[in-house]
Amino acid sequence: MNNFFFGIYPYIALSIMIVGSIARYDRDPFTWKSSSSQLLRRKQLMVGSILFHIGVLFIFFGHFFGLLVPHQVYEAIGIHAEAKQLLAAIAGGIAGIVAIIGALMLAHRRLTEPRIRDTSSFWDITILLMLVVQLALGLISVPYSIATAEHGSVINFMNWAQGVFTFQSGNAAHIADEPLIYKLHIVLGLTIFLVFPFTRLVHILSGFAAPVRYLLTRTGYQIVRSRRQAPRHPAE
């Protein structure tokens, strides 16, 4: 099972995310948006959305650079494995608290406001709950990460993540002996990537894809229609 979830499943999840996103945009680009309900409980939406997005963006880039930048780079600037793991746990924990407060506010708004709940799709609710659980798993793992910082477990996760993107065989062995809480966090994260094209999360990519489609792939001319009901005739 370890080999499947950490050696094969990452490629399944990432492939479906990439191919599914491209197919969705090509088939129906107008669904690449986050449906608006901002007129309902606007203050709760704004506060929750700001907290959630700030926290998640910090977590995303923290994971991205923390896992994919070679450890030699950190060693070169004097950040050793133990310090890096402590820094990641503390900074990630703070960002996780901010993000989960925002996510819980958004979930409460969506689930308790009848008009919003009635217009929410299955995936609108499911992906929000998945994100709440994922953030909770990340926060639960913080004490483990701090307590085991001296063992440098972060190196195992860096080797695994970099091995996924460099197609290393036997890559799952890097984290075979890591605690279950970390593994659950990774598997749920990969599952979020898997369902990404079918949810409102796909709007994250719209800011990048829309200009490319407009500038490079559009064909023909833009059609402009006059507001006048009938053509004007020159005065005789």
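Predicted model: local features only at pLDDT ≥ 70, side-chain atom pairs only at ≥ 80, totals over all residues.
For the helix pair below, axes are lines fitted to C-alpha atoms over the stretch in contact, with angles running from 0 to 180 degrees between N-to-C directions.

**Helix 6 against helix 8**

I started with helix 6 (residues 122–147) and helix 8, whose axes come within 9 Å and cross at roughly 155°. Angles over 145 degrees count as roughly antiparallel, so helix 6 runs roughly antiparallel to helix 8. I also looked up the hand: helix 6 passes helix 8 in a left-handed crossing. By type, the residues of this contact split into 14 nonpolar, 7 polar and no charged.

Who takes part? From helix 6 I noted W123, I127, M130 and Q134 among others, and from helix 8 the list includes I181, H185, L188 and V195.

**H185**

Next I picked H185, which sits in helix 8 (residues 180–195). Buried or exposed? H185 has 19% relative accessibility, and buried means under 20%, so H185 counts as buried. Setting aside residues up to four places away in sequence, I find H185 touching H63, Q134, L137 and G138. Of these, Q134, L137 and G138 are also listed for helix 6 in its meeting with helix 8.

**The core**

Then I checked the largest nonpolar core, which has 39 residues; F6, I127, L135, W160 and I186 have the most contacts inside it. Elements giving two or more residues to this core include helix 1 (2–27), helix 2 (42–68) and helix 4 (81–112). Helix 8 gives the most, with 9 residues.

Last, I127: leaving out neighbours within four places in sequence, I see I127 in contact with I192, V195, T199, R200 and L201.

Note on methods. Residues numbered from 1 in each chain as written. Heavy atoms only, no water. Helix = DSSP H or I, 4+ residues; strand = E, 2+ residues; numbered from the N terminus. Buried < 20%, exposed > 50% of the residue type's maximum accessible area, 1.4 Å probe, protein only. Contact = heavy atoms within 4.5 Å. Parallel < 35°, antiparallel > 145°, perpendicular 65-115°, else oblique. Left-handed = near helix turned anticlockwise from the far one by under 90°. Nonpolar A, V, L, I, M, F, W, Y, C, P; charged D, E, K, R; others polar. Core = buried A, V, L, I, M, F, W, Y, C linked by side-chain atoms within 4.5 Å.
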